[in-house]
Amino acid sequence: MTRTGIFGGSFNPVHFGHVRLAQALVERKWVDEVWLMVSPQNPLKAQADLADEHVRLELARLAVADVSGVGASDFEFQLPRPSYTWRTLERLEEAFPDRSFTLIMGADNWRIFPQWRRSEDILFRYSIIVYPRGGSAVDELALPPNVRLFHAPLFPWSSTVIRSRIRQGESISGMVPPAVAKAIAQKRLYGYCRKEV
Ligand code: ATP
């Protein structure tokens with residue numbers, strides 16, 4: 001079985017926080033592969049400022065093109081919306097019987113995990129990797145047995161910060177992979193108004 005980590009998110013846009021974390025999980029052999037699962041519609045997030053899903057997928061693919069063991073998936077695009085993770089995991093198991101799936105999430109998402117649809121079923125059937133995010137502490141000793149804390153280096157930015165910087169004409173260099181910054185500029189995404197990123 002190929003141990004496949006599912007790292008779901010809006011990736012609006014993808015940034016180094018996402019990429020470095022996925023890379024570290026593969027390098028440290030917590031999983032064999034990580035798939036950035038681009039969510040067309042997150043049931044718990046507002047839709048304003050959300051770039052087209054195909055554009056977000058394209059950026060995610062650019063971001064991980066050179067990262068071994070990490071890919072970006074459009075698997076949720078063909079599923080009913082909004083995208084509920086339990087359904088994604090169920091369908092993934094059907095589609096890829098030679099893989100075992102582990103859910104990857106930041107501590108911010110772990111905190112609100114009980115609000116996720118069928119969170120108890122997810123917890124019962126899958127292992128979960130949680131990692132620290134600024135502002136969301138995780139009590140490692142209180143985690144259920146199939147939930148493990150991955151001590152990843154903190155990358156302090158979020159997609160929200162990056163969108164805001166783009167809108168204000170500020171540089172996002174060093175926050176997203178260069179190919180992503182270039183595509184954002186070329187496509188004039190997120191209110192882009194600068195000549196150079
Ligand atoms: P937004 O600011 O638009 O809410 P985000 O930056 O939090 O977006 P998402 O696409 O919602 O990004 O994130 C997908 C996953 O990536 C989530 O599990 C989230 O916890 C995680 N994540 C977001 N930012 C970082 C970061 N800087 N470092 C590590 N993980 C991150």
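Reply: **Salt bridges and helix packing**

E90 and R125 meet through their side chains in a salt bridge, at 3.8 Å from N to O. The pair links distant parts of the chain: E90 lies in helix α3 (residues 85–95) and R125 in helix α5 (residues 119–125), 35 residues apart. The model is predicted: local features need pLDDT of at least 70, side-chain atom pairs count only at pLDDT 80 or more, and totals for chains, interfaces and linings use all residues. Residues are numbered from 1 along each chain as its sequence is written, and side-chain values use heavy atoms, with hydrogens and water left out.

Two terms need cut-offs. A salt bridge is a side-chain nitrogen of Lys or Arg within 4 Å of a carboxyl oxygen of Asp or Glu. Helices (H or I, at least four residues) and strands (E, at least two) are DSSP runs, numbered from the N terminus.

E90 counts as partly exposed because its relative accessibility is 23%. The scale is this: buried is under 20% relative accessible area, exposed is over 50%, and partly exposed is in between (1.4 Å probe, protein chains only). R125 has a relative accessible area of 44%, so R125 is partly exposed too.

By the rule above, the count comes to 12 salt bridges. One of them joins D108 and R133, whose side chains meet at 3.1 Å, N to O. Here too the pair links distant parts of the chain: D108 sits in helix α4 (residues 107–111), R133 in the loop between β5 (127–131) and β6 (147–149), 25 residues apart. D108 is partly exposed at 24%, and R133 is partly exposed at 27%. Back to the E90 group: salt bridges that share partners join E90, E93, R118, D121 and R125 into one network.

E58 and K187 form another salt bridge, with the closest N and O atoms 3.3 Å apart. This pair also links distant parts of the chain, 129 residues apart: E58 is in helix α2 (residues 53–64), K187 in helix α7. E58 is partly exposed, with a relative accessible area of 34%. K187 is partly exposed as well, at 36%.

Now the helices behind that last pair. Two packed helices are described by the angle between their axes and the distance between the axes. The axes of α2 and α7 come within 8 Å and cross at roughly 150 degrees. So α2 is roughly antiparallel to α7. The axes are lines fitted to C-alpha atoms, for helices over the stretch in contact, and angles run from 0 to 180 degrees between N-to-C directions. Angles under 35 degrees count as roughly parallel, over 145 as roughly antiparallel, 65 to 115 as roughly perpendicular, and the rest as oblique.

Which residues of α2 and α7 meet? From α2 come V55, E58, L59, L62 and A63; from α7 come A179, V180, A183, I184 and K187. By class, the contact of α2 with α7 has eight nonpolar, no polar and two charged residues. Contact means heavy atoms within 4.5 Å. Ala, Val, Leu, Ile, Met, Phe, Trp, Tyr, Cys and Pro count as nonpolar, Asp, Glu, Lys and Arg as charged, and the others, Gly among them, as polar.

Helix α7 (178–187) has another partner. The buried residues of α6 pack against α1 (16–27) and α7.
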